[in-house]
Every structure is written in C-alpha cells, then in structure tokens.
Amino acid sequence: MAKSSEKFFSQSEKEALVASIRAAELLTSGEIKLHLQSKCKAQPFEEAKKVFEKIGMTRTQEKNGILFFLSLEDKQFVILGDSGIHEKVHEEFWNEIRREVIDFFSQGKFAEGLSRGIKLCGEKLAFYFPRRADDQDELSNDISVS
Ligand code: CA
Ligand code: CA
C-alpha cells in the first residue's frame, strides 16, 4: 500500500489533507476520515462499509462520521456517511460531492479533489452538527491506510 499511496500523494499533500480534516472539524462535532488502499477485493461500497466499521466510525455519539474511501490502483471512490448525517442530507448530497471530487480526480488532482470534498462535507456537518464547547476528537484525523 505504501507504494501506491506515495505514487498518488506526496508527503506534503498528505499533511495538507490531515490539516483540512482538522480544519473542517473545528466547526462541527462530526468526524471525517480518509482511507486509502491500493485495490478493492470486493464491491467498493461493501468494502467501504467494512472499513467504516473497522476503524470505529460507527461509534460516534451523534452518528455523524463521514468516510472518504479511495482505492487507488483500481480508481474506486466512495463517500459514506453514518445515519445521523445521512438522514439530514439524503442521497443527492453524496452524489453532488462525489461528482465534484471525481471531476478533480479525472484531471489527476487527487489531493485537491479530496480536500474540496472534505471542505464541503465539513460545512454541511457544521450546519447540522455545530461544534460544542466540550467537543472531543472522537476519531483521529490521520489518514487510515490498508
Ligand atoms: Ca469531534
Ligand atoms: Ca477527527
């Protein structure tokens, strides 16, 4: 995995992505995670759901985690929101973000696309789940890789 993630993202791009997650979460109790892997073994949506569970995203208090799942070599991209945020935004929101991110991907701009998607999701989360004074970082902002 390390190899494909290095091929697609420089170290500074990875740091910038973590920073964009941190920035988005400053305004919301919601949690955003980015997961990178080289290839899908199963259907991408099913695989994203497994990752969602495996990295603890089903355990946020307000069910407001959003996962950006990117499988690099086979170019599969899934955005998955937990039930709390999903029932607020509906399918159309995910489709809209997906379109925008994939548009960047098709120009080879992987980090930029993800960063844009993270920003838009952060704004949406902030609207429905504003950050409270006692907010906790329920899920670390670093990139999950497998
Ligand atoms: Ca939080
Ligand atoms: Ca976090």
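Guide: A residue is called buried when its relative accessible area is under 20%, exposed when over 50%, and partly exposed in between (1.4 Å probe, protein chains only). Lysine 14 counts as buried because its relative accessibility is 17%. This is a predicted model, in which local features need pLDDT of at least 70 and side-chain atom pairs count only at pLDDT 80 or more, while totals for chains, interfaces and linings use all residues. Residues are numbered from 1 along each chain as its sequence is written, chains are lettered from A and ligands numbered from 1 in the order in which they are written, and side-chain values use heavy atoms, with hydrogens and water left out.

Lysine 14 belongs to helix H2; helices (H or I, at least four residues) and strands (E, at least two) are DSSP runs, numbered from the N terminus. Apart from neighbours within four places in sequence, lysine 14 is in contact (heavy atoms within 4.5 Å) with Ser5, Glu6, Phe9 and Ile143.

Helix H2 (residues 11–25) also meets helix H5 (residues 110–128): their axes come within 9 Å and cross at roughly 5 degrees. H2 is therefore roughly parallel to H5, a label for angles under 35 degrees. On the H2 side, the contact is made by Glu13, Leu17, Ser20, Ile21 and Ala24. H5 contributes Ala111, Leu114, Ser115, Ile118 and Gly122. Of the residues in this contact of H2 with H5, six are nonpolar, three polar and one charged.

The loop between H2 and S1 holds serine 29, and the loop between H5 and strand S4 (144–145) holds glutamine 136, so this pair ties together parts that are 107 residues apart in sequence. Serine 29 is buried, at 4% relative accessibility, whereas glutamine 136 is exposed, with a relative accessible area of 58%. From lysine 14 to serine 29 is 15 residues in sequence and 23 Å in space, C-alpha to C-alpha.

Next comes helix H3 (residues 44–54), whose buried residues are Pro44, Glu47, Ala48, Val51 and Phe52. These sit on the same side of H3 because they cover an arc of only 145 degrees around the axis, taken from the directions from the helix axis to the C-beta atoms. Strand S1 (31–37), strand S2 (65–71) and strand S3 (76–81) are included in what covers them. Turned away from that buried side is the face with the exposed residues Lys50, Glu53 and Lys54.

After H3 comes glycine 56, with a positive phi near 85 degrees. Lysine 63, in the loop between H3 and S2, has a positive phi of about 55 degrees although it is not a glycine. Lysine 63 is partly exposed, at 33% relative accessible area. Lysine 75, in the loop between S2 and S3, is another residue that is not a glycine and has a positive phi, of about 50 degrees. Lysine 75 counts as exposed, at 56% relative accessibility.

Conventions
Axes fitted to C-alpha atoms, helices over the stretch in contact; angles between N-to-C directions. Parallel < 35°, antiparallel > 145°, perpendicular 65-115°, else oblique. Nonpolar A, V, L, I, M, F, W, Y, C, P; charged D, E, K, R; others polar.
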